[in-house]
Amino acid sequence: QVQLVESGGGLVQAGGSLRLSCAASGRTSSSFAMGWFRQAPGKEREFVASVNWSGLATYYADSVKGRFTISRDNAKNTVYLQMNSLKPEDTAVYYCVAPAGPGISPSAWGQGTQVTVSS
C-alpha cells in the first residue's frame, strides 16, 4: 500500500503560479506511474496529468497542456505539479494518485489540496 500526502495548494490570482507536491511513502512508490486528478465544485473528478516511473513520459489533459508541468524526484519519493498561467476554471481540489496514466484507475488517493484561482 502506498500513502500520498499533498501540499502546496492555496489562493492565487488569475495568471499566477502554484506548485503542488505529493510525498509518497510505502511500498516501492518509485516503481509506478503517479499523477494528479482534480475535482471542481459540482463536477466529477477529472484526470490532470501523469508521469511514468522514470519521469520521462508525461501525459496531460488538454485543458492544462502548455500550462502545467508534472515531474518527479524518486530520490525524495515526491511528485510535483507546476501550474502556471492559472485560470479561475482551474479552481478545484487537487488529488495525488497512484498508479496513474491514460486508461488507468488509481487505487491510491491523497487527501487533496485546495487550489483557488481568483479572477
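Me: W109 first. Buried, exposed or partly exposed?
Reply: W109 counts as partly exposed, at 31% relative accessibility. The cut-offs: buried is under 20% relative accessible area, exposed is over 50%, and partly exposed lies in between, with a 1.4 Å probe and protein chains only.

Me: What kind of model is this, and how are residues numbered?
Reply: It is a predicted model: local features need pLDDT of at least 70, side-chain atom pairs count only at pLDDT 80 or more, and totals for chains, interfaces and linings use all residues. Residues are numbered from 1 along each chain as its sequence is written, and side-chain values use heavy atoms, leaving out hydrogens and water.

Me: Back to rings. How many aromatic pairs are there?
Reply: Three. The rule takes rings of Phe, Tyr and Trp (for Trp, the six-membered ring) with centres within 6.5 Å; planes under 30 degrees apart are stacked, over 60 edge-to-face, the rest tilted.

Me: How do F37 and W109 pair?
Reply: Edge-to-face, at 5.2 Å centre to centre and 65 degrees between the planes.

Me: Why does that pair tie together parts 72 residues apart in sequence?
Reply: Because F37 lies in strand β4 (residues 34-39) and W109 in strand β10 (residues 108-109). Strands here are DSSP runs of E, at least two residues, and helices are H or I runs of at least four; both are numbered from the N terminus.

Me: And F37, buried or exposed?
Reply: F37 is buried, with a relative accessible area of 13%.

Me: What about Y95 and W109?
Reply: They also form an edge-to-face pair, 6.0 Å between centres and 75 degrees between planes. Y95 is in strand β9 (residues 92-98) and W109 in strand β10, 14 residues apart. Y95 is buried at 11% relative accessible area.

Me: Which residues make up the ring cluster?
Reply: F37, F47, Y95 and W109, linked by ring pairs.

Me: Where does R45 sit?
Reply: R45 lies over the face of Y95, 4.1 Å from the ring centre. Its charged end also sits over the ring of W109, 4.4 Å from the centre. The test is NZ of Lys or CZ of Arg within 6 Å of the ring centre and within 35 degrees of the ring normal.

Me: Switching topic. How many disulfides?
Reply: One. C22 and C96 form it, with sulfur atoms 2.0 Å apart; the cut-off for a pair of cysteine sulfur atoms is within 2.5 Å. The link is left-handed, at -80 degrees about the S-S bond.

Me: What does it link?
Reply: Distant parts of the chain: C22 in strand β3 (residues 18-26) and C96 in strand β9, 74 residues apart. C22 is buried at 0% relative accessibility, and C96 is buried at 0% as well.

Me: Sheets now. What is the strand order in the open sheet of four?
Reply: β1-β3-β8-β7, with antiparallel pairing. The edge strands are β1 (2-7) and β7 (68-73), each pairing on one side only. Two strands pair if DSSP finds at least two bridges between them.

Me: How many bridges join β7 and β8?
Reply: Six, in the antiparallel sense, with β8 at residues 78-83. The bridge partner of F68 in β8 is M83.

Me: Last one. Where is S50, and what does it touch?
Reply: S50 is in strand β5 (residues 46-51). It is buried, at 1% relative accessible area. Its contacts (heavy atoms within 4.5 Å) include M34, Y59, I70 and P102, not counting residues up to four places away in sequence.
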